[in-house]
Amino acid sequence: MDEIIFLNGDYINRENAKISIMDRGFLFGDGVYELIPIYKSKPFLIKKHLDRLHSSMSLIGMSDEHFFMQDFENIFNELIERNEYKDHFFYVHVTRGYQSTRNHVYDKKIQPTVLIMGEGYNIFSSEQIKRGFKGCTQEDFRWTKSHIKSISLLGNVLLKNYAAQQNFYETLLLRDAKLTEGSASNIFISKGDDIFTPSLGVDLLPGVTRDLLIELFSAENKVIHECDVTKSDLQQADEIWCTSSTNYCVPITELDGVKVGNGQVGDFSLQAYDLISRYISTI
Ligand code: PDD
């Protein structure tokens, strides 16, 4: 089946979708994005994702006067219907738009380029989750506005590939010997009866899955400590896991060639995975 995508007001075949080389997203990486899971033909936590998109846009000085957030819901529904999506992802890409000359200074009057397309659904099985994954650490050399979901992902791409080249799942990022996040995920650790995750700020993305997991644990009367997590906390952790919309909870059982805790997927990691799976199954 030909896949239909949305580009600047039109529903078109993916193969026919084109943007200008003068688009500021192409020339400068000047734009923001979202990745939204679709479960059972329904976009997941749509309000949280659209609120974050709105926040990313305003943090880079893009107003939504040309494009209203409420339009997204109708577009999502149209694409789900036309493409018969059941379990899938939406990739939403909003750039500052087309500008006739290449200029670092943006023209405030240009219209954003809005692309929404489906992405394949390929998440880890529960057997893979129970076996655990390997990870590594690297200095977080990205910019200091990582709370913006920017399409300029070169730093994240290089850091993720550092892990991928070793057949690891994720690179965990350290700045000033403190954990920020993963190259494409947020990170949680446990020590004894406590669970910790770095507090929000400019160094990490306010992950929708991170937020959901904190809420789900809290409903079980388990408080997650949002605070600094140091390199040595990471090295001494009993458990480490990554959260993201693509693979909601991925346990790391070996970090930089050393076992995490006893090297097995631990109870909190499994509980986190179960809490999110159960939540998804009830929607
Ligand atoms: N990325 N931190 C970074 C740097 C990320 O790229 C992501 C997810 C997260 C987790 O956020 P959320 O739970 O809202 O998905 C944290 C998406 C999946 C991506 O870039 O494809």
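This is a predicted model: local features need pLDDT of at least 70, side-chain atom pairs count only at pLDDT 80 or more; totals for chains, interfaces and linings use all residues.
The domain assignment divides the protein into domain 1, residues 4-120, and domain 2, residues 126-281. A distance of 27 Å separates the C-alpha centres of domain 1 and domain 2. To the contact, domain 1 contributes 24 residues and domain 2 contributes 20 residues. About 1,800 Å² of area is buried between domain 1 and domain 2, and carbon and sulfur atoms account for 66% of this area. On the side of domain 1, Tyr 33, Lys 48 and Arg 52 together provide 33% of the area buried against domain 2, a contribution greater than that of any other three residues.

Polar and charged pairs also join the domains. Between domain 1 and domain 2, eight residue pairs are in polar contact, and two salt bridges cross the interface of these domains. A salt bridge is formed between Lys 48 and Asp 211, with the closest N and O atoms 2.9 Å apart. Lys 48 is also among the three residues that supply 33% of the area buried by domain 1 against domain 2.

Several elements of secondary structure build the side of domain 1 that touches domain 2. Two or more residues each are given by helix H1 (24-28), strand S3 (31-39), helix H2 (46-59) and strand S5 (88-95). The largest share comes from S3, with seven residues. By residue class, this side of domain 1 comprises 12 nonpolar, seven polar and five charged residues.

In total, the structure contains 17 salt bridges. One further salt bridge connects the side chains of Glu 34 and Arg 52, at an N to O distance of 2.8 Å. This pair links distant parts of the chain, as Glu 34 belongs to strand S3 and Arg 52 to helix H2, with the two residues 18 residues apart.

The ligand is surrounded by 20 residues, of which the closest are Tyr 33, Arg 52, Glu 181, Thr 209 and Ser 245. Individual polar atoms of the protein can be assigned to atoms of the ligand. A nitrogen atom of the ligand lies 2.6 Å from a polar side-chain atom of Glu 181. For Thr 209, a polar side-chain atom is placed 2.5 Å from an oxygen atom of the ligand. The backbone takes part as well: a polar backbone atom of Val 208 is 2.8 Å from an oxygen atom of the ligand.

Terms used
Residues are numbered from 1 along each chain as its sequence is written. Side-chain values use heavy atoms; hydrogens and water are left out. Domain bounds come from an automatic or database domain assignment. Contact means heavy atoms within 4.5 Å. Buried area is the accessible area (1.4 Å probe) that two parts lose on being put together, summed over both. A salt bridge is a side-chain nitrogen of Lys or Arg within 4 Å of a carboxyl oxygen of Asp or Glu. A polar contact is a pair of N or O atoms within 3.5 Å; within protein, one must be able to donate a hydrogen and the other to accept it, and residues adjacent in sequence count only if both atoms are side-chain atoms. Helices (H or I, at least four residues) and strands (E, at least two) are DSSP runs, numbered from the N terminus. Ala, Val, Leu, Ile, Met, Phe, Trp, Tyr, Cys and Pro count as nonpolar, Asp, Glu, Lys and Arg as charged, and the others, Gly among them, as polar. A residue is near a molecule or strand if one of its heavy atoms lies within 4 Å of it.
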